[in-house]
Amino acid sequence: MTEQPELVIASSPTDAGIGCWDLHTGAEHLRYRSCSSPSHGLTCIGGRFLASSQSQPHNTKSSSSGSILYWSWNKPQVEVKSFPAEPINPLVSNGEGTFIAGGGASGDIYLWQVATGKLLKKWQAHYRGVTCLLFNDDQSLLISGSEDGSVRVWSLIMVFDDLLRGKARQPYEYSFSEHSLKVTDVVIGYGGANAIVVSASEDRTCKVWSLSRGKLLRNIVFPTIIDAIALDPGEDVFYAGGRDGKIYIAALNAFANPNNNYGLHILGFLSEQSKAITCLALSMDGGLLISGSEDGMVRVWNTKNHNIARIFRHAKGPVNNIVVVRQQSLLSSRGSVNSQVSSVKRHGVSLAPPLEKYANSTDENDYKAVIGPRNDPDRAVEASYISIQTLNNQILELQRQGSSSASEMEIERLKLDRSRSIQMIQQWEKKFQTLHQFCVTELLDGEQAGNA
């Protein structure tokens with residue numbers, strides 16, 4: 001299988017712009033200006049363009065509400081500015097780039113449609129500010145972490161279905177409240193509604209949750225506060241970036257020595273005497289781990305030998321966001337951007353329009369029309385089918401309206417399905433290698449015991 005080039009994209013809470021490098025060659029690409037993003041505030045919208053919430057106001061007129069900025073791939077300047085109703089911290093897009101979710105300082109979550117900029121839904125998600133957001137792999141669930149210490153799982157079907165939400169005992173699927181302090185990061189594995197979720201907190205723990213059962217599977221205590229985590233594609237281990245400058249390797253399915261010096265389920269750590277680790281990301285195949293630090297450096301680690309493969313320097317200030325994107329999807333997506341509905345044209349490149357500040361209540365029924373019915377919520381295994389049905393309904397609705405974005409969504413869905421298949425193959429290959437190594441080791445140990 002031919003390896004596709006990957007880009008490392010990094011941002012800072014200071015106005016240091018966005019750095020962009022080729023992960024494998026180290027070549028620096030265009031540097032994007034005027035960005036001061038909060039943690040988890042940088043995202044790539046369906047491979048088409050970059051978006052970031054801002055931790056510093058960009059003008060005095062809207063200084064109280066903060067802003068969300070868009071950059072196209074071939075322009076260093078900000079091209080689209082949006083001013084939401086309140087400062088947005090985490091910002092995330094679904095895989096197709098059709099929706100953007102933002103977490104507010106008030107605890108509210110906002111969900112926008114990218115092609116039109118319309119605010120589809122806003123709801124009170126937490127008692128305090130939202131710190132992190134992510135979609136699961138089949139896009140049926142949204143997971144949020146908060147300063148109130150809770151991690152909540154939201155069904156997008158329930159978010160849009162007022163009748164179903166009114167009948168439910170609570171508006172969320174699960175609320176995990178075992179953390180005693182602010183949640184700093186959340187990651188999720190493969191498997192749709194049957195995946196595992198790993199959360200990190202300022203209480204110095206990482207907790208592993210089961211989505212299918214809604215229960216805590218494992219609690220791992222670290223010697224320092226963990227601000228960033230990354231889950232290995234094989235889901236045998238995860239990496240936890242600490243404020244002591246170390247990246248700890250914690251066991252999920254891998255074997256851990258309970259008598260080691262680091263703590264239960266901790267296999268070891270990576271370190272180069274850096275300042276606090278602020279963000280982590282993995283290459284698509286899991287072979288490279290990328291870390292951002294308060295010292296302004298982006299380090300690329302080989303996950304097999306634990307050596308540093310490459311170092312990028314990100315201008316002034318700390319690095320607090322890292323996103324890894326396949327370069328091929330960036331190049332092939334430029335043409336699809338031009339077919340966005342209600343897009344704005346800047347310097348010959350089409351980007352999505354600004355995001356609405358407030359929802360238009362008269363349009364509410366339009367969004368309910370494309371949300372399919374939900375089956376028994378206890379049958380978590382069917383969530384993948386539900387999410388695909390929802391996307392199919394939306395594509396059909398857009399086709400009936402004569403929207404040119406329907407074809408684009410169909411193409412993006414096929415690309416996403418292909419990407420998921422490749423990732424699952426890689427995951428199973430890694431699990432097979434681990435199982436094979438385990439069997440070989442057991443056989444050798446058995447032979448040695450027999451000879452003795």
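Mentor: Let's start with Asp162, which is partly exposed because its relative accessibility is 28% (buried means under 20% relative accessible area, exposed over 50%, and partly exposed in between, using a 1.4 Å probe and protein chains only). Its partner is Lys121: the two form a salt bridge, with the closest N and O atoms 3.4 Å apart. Asp162 belongs to helix 2 (residues 162-167) and Lys121 to strand 10 (residues 119-124), so this pair ties together parts that sit 41 residues apart in sequence. Helices (H or I, at least four residues) and strands (E, at least two) are DSSP runs, numbered from the N terminus. Lys121 itself counts as buried, because its relative accessibility is 12%.

And what is a salt bridge? It's a side-chain nitrogen of Lys or Arg within 4 Å of a carboxyl oxygen of Asp or Glu. Side chains of opposite charge can pair when their charged atoms come close.

Bear in mind that this is a predicted model, where local features need pLDDT of at least 70 and side-chain atom pairs count only at pLDDT 80 or more, while totals for chains, interfaces and linings use all residues. Residues are numbered from 1 along each chain as its sequence is written, and side-chain values use heavy atoms, leaving out hydrogens and water.

The structure holds eight salt bridges. Among them is the one between Glu147 and Arg128, at 3.8 Å from N to O. Glu147 is partly exposed at 29%, and Arg128 is partly exposed at 48%.
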